[in-house]
Protein chains: 2
Amino acid sequence: MNKAELFQQIKRKSSFLCVGLDADLSKIPSSLLKLEDPIFEFNKQIIDATADFAVAYKPNIAFYEALGPKGWESLQKTLEYIPSDVFTIADAKRGDIGNTSGLYAKAFFETMDFDSITVAPYMGIDSVQPFLEFKNKWVILLALTSNGGSSDFQLIESKSGKPLFHEVLEKSQVWGNTDNMMYVVGATRGELIAEVRKIVPDHFFLVPGVGAQGGSLKEVAKYGMNASCGLLVNSSRGIIYAGKGEDFAEKARQEAEKLQKEMADLLEEYCG
Amino acid sequence: MNKAELFQQIKRKSSFLCVGLDADLSKIPSSLLKLEDPIFEFNKQIIDATADFAVAYKPNIAFYEALGPKGWESLQKTLEYIPSDVFTIADAKRGDIGNTSGLYAKAFFETMDFDSITVAPYMGIDSVQPFLEFKNKWVILLALTSNGGSSDFQLIESKSGKPLFHEVLEKSQVWGNTDNMMYVVGATRGELIAEVRKIVPDHFFLVPGVGAQGGSLKEVAKYGMNASCGLLVNSSRGIIYAGKGEDFAEKARQEAEKLQKEMADLLEEYCG
């Protein structure tokens, strides 16, 4: 899926919502646990309930990896179940030397057929490029994350006065283009989103940290939106665990719809 | 395994060799391909052939992940086959927000029973700490890697005149201790290894980049060794693909023994 097609979908659904599929055996309704593949069954019902409002799904790979080979089977089935016009993100935070990144790319782009993968920048250009060599696939590079520890290194100022995340944005934007590279930009501080938008005006951002992690959707749109929307805002727990009982899918649908309605207004206001 | 036990093993085998288990279906002898689990069979023979000379084994997780659920089964079987007194490293370069890193830790320390995992530092303290909460398990944090792209960010100087990898070493060394934290330190430049050793005098280093990536074992020992050895030097392709035919295990054994003999001399010279 290229950038224009993604924007088409955003306009069609009046939404830039990404639903995080962080299915956890200890949190899904107990009635599912007796089924053969509870994780897939949970995801399937969440996808059915939210696909009208979501333009992207983002399985957090750790949740599947923690379950061993069976987890990978649930992940594969989930991925195949996602409607083909919805963007898929392997939230895997991978990155290694060239030949190894090439194998991670193979794992997520060939063995599985994700549209994109999140990648950590610490090892530099040759750890990122192997992912960019796959046609119609995307790298979503960590720039500014939303967790507490993000200030440990991402905000360190270099001699030239720029925090590390600026260096990451400036250097990496020429490795790919706006059709194969996005950035992870945390939603915790509006003025930082504005800073990022200045450096990479045309790239899409994947924004975690709205909801459970405390960011405001309005701030994100105000400071981060561009003429092609340029935002995928993720919500995981706030949607998939909105209900804890048999009605979890219905509750998830209500939460997703609520966010979609807010997003429709914001699209009109900032991307008219 | 704690640091003292690791050093015991190093003294007993007169070796600080780590063998990288980067088994690749396109490179292993074709005679293995007709077996039910060629990757495990290859690893098994490599382990049998090299266990006298290796103090650690390091499967590169990407090689297994690229094969889907079957790859994870081969990995699990390989891990179970490694003799229990040999240190095991999941070379996975993981790292994410706290609850997610906790799940990666579960994947590699509980679902599987690795002694250690390589972790990327970009997201800071809360992306590393969940791994450190497991008793008798280790984080091997990326500090200075051996690939070309390592200079993109790791060498950027901060306002205080320190390159980023210094900041990573200085900040992170208080997150854990010398019994649960090591560092990845590339072998490509001796004087940089000396710099790292000055900042973290007592930690173990995992050193890739000897052999195929061009580093010199003697330089690594000269600049990096401390009173408890403090080094695990990895060789992957140089050992496991030393032979391409039926005699691959015998050839691997010869290469491992050659390195072990060099290491025995270096241990005597610099860690007497």
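1. A residue counts as buried under 20% relative accessible area and as exposed over 50%, with partly exposed in between. The model is a predicted one. On that scale Ser14(B) is partly exposed, because its relative accessibility is 27%.

2. Most residues other than glycine have a negative phi. Asn136(A) belongs to the loop between helix H6 (125–132) and strand E5 (138–144) of chain A. With a relative accessible area of 47%, Asn136(A) is partly exposed.

3. Which residue does the UniProt annotation "active site" cover? The annotation, from an unreviewed entry, covers Lys93(A). Lys93(A) is part of strand E3 (residues 87–94) of chain A. Its relative accessibility is 7%, so Lys93(A) counts as buried. Setting aside residues up to four places away in sequence, Lys93(A) touches Thr118(A), Val119(A), Ala120(A) and Leu142(A) in chain A, and Lys93(B), Gly95(B), Asp96(B) and Met123(B) in chain B.

4. Gly95(A) lies in the loop between E3 and helix H5 (98–111) of chain A. Is Gly95(A) buried or exposed? Gly95(A) is buried, because its relative accessible area is 9% and the cut-off for buried is under 20%. Neighbours within four places in sequence aside, Gly95(A) is in contact with Ser101(A), Val119(A), Ala120(A), Met123(A), Ser127(A) and, from chain B, Lys93(B). The C-alpha atoms of Gly95(A) and Leu141(A) are 9.8 Å apart, and 46 residues separate the two along the chain.

5. Thr100(B) is a further residue with contacts in the other chain. It lies in helix H5 of chain B and is buried, with a relative accessible area of 1%. Apart from residues up to four places away in sequence, Thr100(B) touches Asn60(A), Ala62(A) and Phe63(A).

6. Helix H5 (residues 98–111) of chain B also packs with helix H6 (residues 125–132) of chain B: their axes come within 8 Å and cross at roughly 35 degrees. The crossing of H5(B) past H6(B) is right-handed. H5(B) contributes Gly98(B), Ser101(B), Gly102(B), Tyr104(B), Ala105(B) and Phe109(B) to the contact, and H6(B) contributes Asp126(B), Ser127(B), Pro130(B) and Phe131(B). By class, the contact has five nonpolar, four polar and one charged residues.

7. The largest nonpolar core has 208 residues, and those that touch the most other members are Phe16(A), Phe108(A), Leu232(A), Phe16(B) and Phe108(B). In soluble globular proteins, nonpolar side chains tend to be buried together. The contacts of Phe16(B), leaving out residues up to four places away in sequence, include Ile10(B), Val55(B), Leu217(B), Met225(B), Cys229(B) and Leu231(B). Among the others are Leu232(B), Val233(B), Met263(B), Leu266(B) and Leu267(B).

8. What covers the buried residues of H9(B)? The cover includes strand E5 (138–144), helix H8 (164–172), strand E6 (181–185), strand E7 (204–207) and helix H10 (217–224) of chain B. The buried residues in this helix (residues 190–199) are Gly190(B), Leu192(B), Ile193(B), Val196(B), Arg197(B) and Ile199(B). In chain A, helix H9 (residues 190–199) has Gly190(A), Leu192(A), Ile193(A), Val196(A), Arg197(A) and Ile199(A) buried. The buried residues of H9(A) pack against E5, H8, E6, E7, H10 and strand E8 (231–235) of chain A.

9. Ile39(A), in helix H2 (residues 38–50), counts as buried at 3% relative accessibility. Its contacts beyond four places in sequence are Ala23(A), Asp24(A), Leu25(A), Tyr64(A), Leu67(A) and Ser74(A). The C-alpha atoms of Ile39(A) and Asp24(A) are separated by 7.4 Å. Ile28(A) is in the loop between strand E1 (17–21) and H2 of chain A, and is buried with a relative accessible area of 5%. Ile28(A) touches Leu33(A), Pro38(A), Phe42(A) and Tyr241(A), residues up to four places away not being counted.

Key: Residues numbered from 1 in each chain as written. Chains lettered and ligands numbered in written order. Predicted model: local features only at pLDDT ≥ 70, side-chain atom pairs only at ≥ 80, totals over all residues. Heavy atoms only, no water. Axes fitted to C-alpha atoms, helices over the stretch in contact; angles between N-to-C directions. Helix = DSSP H or I, 4+ residues; strand = E, 2+ residues; numbered from the N terminus. Left-handed = near helix turned anticlockwise from the far one by under 90°. Contact = heavy atoms within 4.5 Å. Nonpolar A, V, L, I, M, F, W, Y, C, P; charged D, E, K, R; others polar. UniProt positions renumbered as here; feature names shortened; annotations may be inferred. Buried < 20%, exposed > 50% of the residue type's maximum accessible area, 1.4 Å probe, protein only. Core = buried A, V, L, I, M, F, W, Y, C linked by side-chain atoms within 4.5 Å.
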